[in-house]
Amino acid sequence: MGKKNALTGNVSLTPDQCDTLKRYAVNGIIANADNKRLKEKLASAEKTISIWKQRYEAVNEKYMELKQKAQPFLDAIEIASERVWAFVHAILARGKETQEHKHPARKRRQDMEI
């Protein structure tokens, strides 16, 4: 780009070449500024992430401790609920059996017509 003067060693540029060089310089400055701004944003985001990660790890550790302490109680509740349901079903089944024996077929309207 441009022509070098043999005597002085200076480079002469046409107006179009000057505009092109100016655009390159401006674009380079803008790109550097954008890169710097983006790097600052990245550093800020990484700092924020590390803070939230520490908070998460602390909360997760407390949760795991509480879960470990509560697990026997949760297991007991599950076993108790299963036993209660079995007890209720046994009572209901026993109640059906006694009702069938108390009421003869005619009272249950199951008699046959001849």
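Residues are classed as buried under 20% relative accessible area, exposed over 50% and partly exposed in between (1.4 Å probe, protein chains only). The structure is a predicted model, in which local features require a pLDDT of at least 70 and side-chain atom pairs count only at pLDDT 80 or more, whereas totals for chains, interfaces and linings use all residues. Numbering runs from 1 along each chain as its sequence is written, and side-chain values use heavy atoms, with hydrogens and water left out.

The chain contains one helix and two strands, arranged along the sequence in the pattern β-β-α. These elements are DSSP runs numbered from the N terminus, with helices (H or I) of at least four residues and strands (E) of at least two. The mean pLDDT of the chain, the predictor's confidence in each residue on a scale from 0 to 100, is 82, and 77% of the residues score at least 70. Among the elements, helix α1 has the highest mean value (88), while strand β1 (residues 3–4) has the lowest (63). Where pLDDT is low, the predicted coordinates should not be read in detail.

Of the 114 residues in the chain, 1% are buried. The accessible surface, computed by the Shrake-Rupley method with a 1.4 Å probe and, for residues, with only the protein chains shown counting as cover, amounts to about 11300 Å², and carbon and sulfur atoms account for 59% of this area. Val84, Trp85, Phe87, Val88, Ile91 and Leu92 make a nonpolar surface patch of about 620 Å².

One salt bridge, defined as a side-chain nitrogen of Lys or Arg within 4 Å of a carboxyl oxygen of Asp or Glu, is found in the whole structure. The bridge joins Asp34 to Arg37, with the closest N and O atoms 3.4 Å apart. The two residues are three positions apart in helix α1, and are therefore separated by about one helical turn. Asp34 is partly exposed at 30% relative accessibility, and Arg37 is likewise partly exposed, at 40%.

Technical notes
Patches are made of residues with over 30% relative accessible area and no salt bridge: like charges are joined within 9 Å, nonpolar side chains (Val, Leu, Ile, Met, Phe, Trp, Tyr) within 5 Å.
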